[in-house]
Amino acid sequence: MSALPTLNPPIRTLLGPGPSDVHPRVLAAMARPTVGHLDPYYLQLMDKLQNGLRQVFRTANRMTFAVSGTGSAGMEGAVVNLIEPGDSVLICVNGVFGGRMCDVAERCGAKVTRLERPWGEVFTPDEIRNAVAAARPKLVGIVMAETSTGACQPIEEVAKVVHDAGAMILVDAVTSLGGIPVEVDAWGVDAIYSGTQKCLSCPPGLAPMSFNERAMEVVKNRKTKVQSWYLDASMLASYWGSDRVYHHTAPINMSYALYEAVSVILEEGLDACFARHALNHRALKAGLSALGMQYAAQEGYQLPMLNAVRVPAEINEAQIRSALLQRFGIEIGAGLGAFKGKVWRIGLMGYGARPANVYLLLSALEQLLAEQNFRFDHGAAVAAACDVYAAG
Ligand SMILES: *Cc1c(COP(=O)(O)O)cnc(C)c1O
């Protein structure tokens with residue numbers, strides 16, 4: 001037997017599609033003493049965390065909580081509770097995560113209708129109205145911030161047409177929450193889930209969720225048991241509600257992390273936080289445009305926190321990503337699926353969305369592009385970002 005080598009993870013700048021850089025206050029919170037999951041201190045903390053999550057989701061929903069697991073557990077938790085075998089579901093697919101939602105729904109025994117759009121485009125309320133009229137689904141699933149393409153799907157009008165047809169709407173807010181406005185009550189979203197490691201700047205491990213009364217009625221009136229014991233919302237409601245019935249041991253220190261992350265956002269103010277994401281996105285976009293790079297998502301529907309850009313054909317994209325990591329400690333994301341080898345996905349999420357990171361990335365990119373003899377106006381990317389910040 002021999003001891004394991006000392007744990008010594010490198011310090012990176014995480015500018016990919018997630019995980020994003022964790023706020024130092026969040027890392028410090030995780031090192032605080034672990035208490036029991038029924039300790040009075042922890043129960044109070046859960047109440048305060050729920051209160052904070054309601055503010056971030058902009059909802060009064062009683063059933064606002066955090067599932068133990070990553071964003072995909074939130075996706076599975078929403079679908080498995082709202083869908084019974086044989087139910088009809090319409091899912092909007094314009095990237096990887098809409099596709100994942102179809103897979104999850106099929107595994108729950110749903111009859112799934114896929115409404116597809118080319119990658120990088122968004123859905124219009126009209127096409128969803130037509131698809132809903134044809135499929136008559138119980139639930140429509142849609143991704144707000146498609147992390148695989150950088151497309152930003154407007155939700156408000158879509159929620160209206162879904163409700164007009166008598167269906168419920170489920171929104172994936174994994175990447176959007178904390179980076180752009182998510183208005184659960186104002187838009188009438190019935191169920192929503194997120195994840196901690198995108199714009200909330202926490203490590204991965206919890207999935208904030210919210211169900212409105214209508215969704216909880218659907219859960220209550222199921223004819224069959226929820227297929228997943230772990231994700232059963234009625235049992236989770238007994239733990240998160242006033243009964244405090246033990247269900248599973250909550251990940252205590254991860255809850256500290258989320259609590260601190262939500263505190264950081266509420267101290268900054270949601271609107272200031274969204275404005276910061278928008279400003280840093282504009283600076284990065286100006287810099288990338290100066291290098292001749294185009295965004296993969298439809299103009300006017302580009303996410304501030306996930307910048308997917310088409311890599312010019314003459315560039316060896318994998319070599320640059322690898323050099324960014326090896327020589328500068330910067331992680332950016334590769335393209336997924338249809339975008340494999342064709343786009344870079346640059347995240348400016350939460351704590352990561354700040355000028356220092358924009359300048360760091362643009363200047364490192366300029367050096368690496370010059371090494372590949374890519375032709376561009378040297379210094380132009382950094383200068384373009386500088387102009388955006390100067391204008392404010
Ligand atoms: C990251 C992501 C997920 C999956 O979350 P995991 O934490 O990786 O399980 C789901 N949906 C979207 C839009 C995402 O960006």
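How many bridges join β13 and β14, and in what sense do these strands pair? β13 and β14 are linked by 2 bridges, and their pairing is antiparallel. Keep in mind as you explore that this is a predicted model.

You can pick out individual partners here. Ala308 stands opposite Arg345 of β14, and Arg310 has Val343 as its bridge partner in β14.

## How β14 is covered

β14 is mostly covered, with 5 of its 5 residues buried. Val343, Arg345 and Gly347 point one way from this strand, whereas Trp344 and Ile346 point the other way.

## The ligand and its surroundings

Now turn to the ligand. It is surrounded by 13 residues, and the closest are Thr70, Ser72, Thr147, Gln197 and Lys198. Sorted by class, this shell contains 4 nonpolar, 6 polar and 3 charged residues. Two helices, α3 (71-82) and α4 (96-107), each supply at least two residues of the shell.

In Asp172, a polar side-chain atom lies 2.7 Å from a nitrogen atom of the ligand. Thr175 has a polar side-chain atom 2.9 Å from a ligand oxygen atom. For Gln197, an N or O atom of the side chain is 2.7 Å from an oxygen atom of the ligand. On its own the ligand has 380 Å² of accessible area, and the protein covers 89% of that.

Is α3 largely enclosed or largely open? This helix is largely enclosed by the rest of the structure, because 10 of its 12 residues are buried. The buried residues in α3 are Gly71, Ala73, Gly74, Met75, Gly77, Ala78, Val79, Val80, Asn81 and Leu82.

The length of α3 also agrees with expectation, because its 12 residues should span 16 Å at 1.5 Å a residue and its end C-alpha atoms are 17 Å apart.

Helix α2 runs over residues 40-57, a total of 18 residues. From its first C-alpha to its last, α2 reaches 26 Å, close to the 26 Å expected at 1.5 Å a residue. The buried residues of α2 are Tyr42, Leu43, Leu45, Met46, Leu49, Gln50, Gly52, Leu53, Val56 and Phe57.

Both ends of this helix are worth a look. At the N-terminal end, Asp39 caps α2, with a side-chain oxygen 2.8 Å from the backbone nitrogen of Tyr41. At the other end, α2 is followed by Arg58, which has a positive phi.

## Backbone details in the loops

Most residues other than glycine have a negative phi, and most peptide bonds are trans. Here are some places that depart from those patterns.

Arg58 is found in the loop between α2 and β2 (63-68), and its phi is near 50°, a positive value in a residue other than glycine. Is Arg136 buried or exposed? Arg136 is exposed, with a relative accessible area of 57%, whereas Arg58 is partly exposed at 24%. You will find Arg136 in the loop between α5 (125-135) and β5 (139-143). Its phi is also positive, near 45°.

The peptide bond from Gly18 to Pro19 is cis, with omega near 0°. Pro19 sits in the loop between β1 (13-14) and α1 (24-30).

Terms used:
Residues numbered from 1 in each chain as written. Predicted model: local features only at pLDDT ≥ 70, side-chain atom pairs only at ≥ 80, totals over all residues. Heavy atoms only, no water. Near = heavy atom within 4 Å. Polar contact = N/O pair within 3.5 Å; in protein donor to acceptor, adjacent residues only side chain to side chain. Areas by Shrake-Rupley, 256 points an atom, 1.4 Å probe, with all protein chains shown as cover. Helix = DSSP H or I, 4+ residues; strand = E, 2+ residues; numbered from the N terminus. Nonpolar A, V, L, I, M, F, W, Y, C, P; charged D, E, K, R; others polar. Pairing = 2+ DSSP bridges. Expected span 1.5 Å × (residues − 1). Buried < 20%, exposed > 50% of the residue type's maximum accessible area, 1.4 Å probe, protein only.
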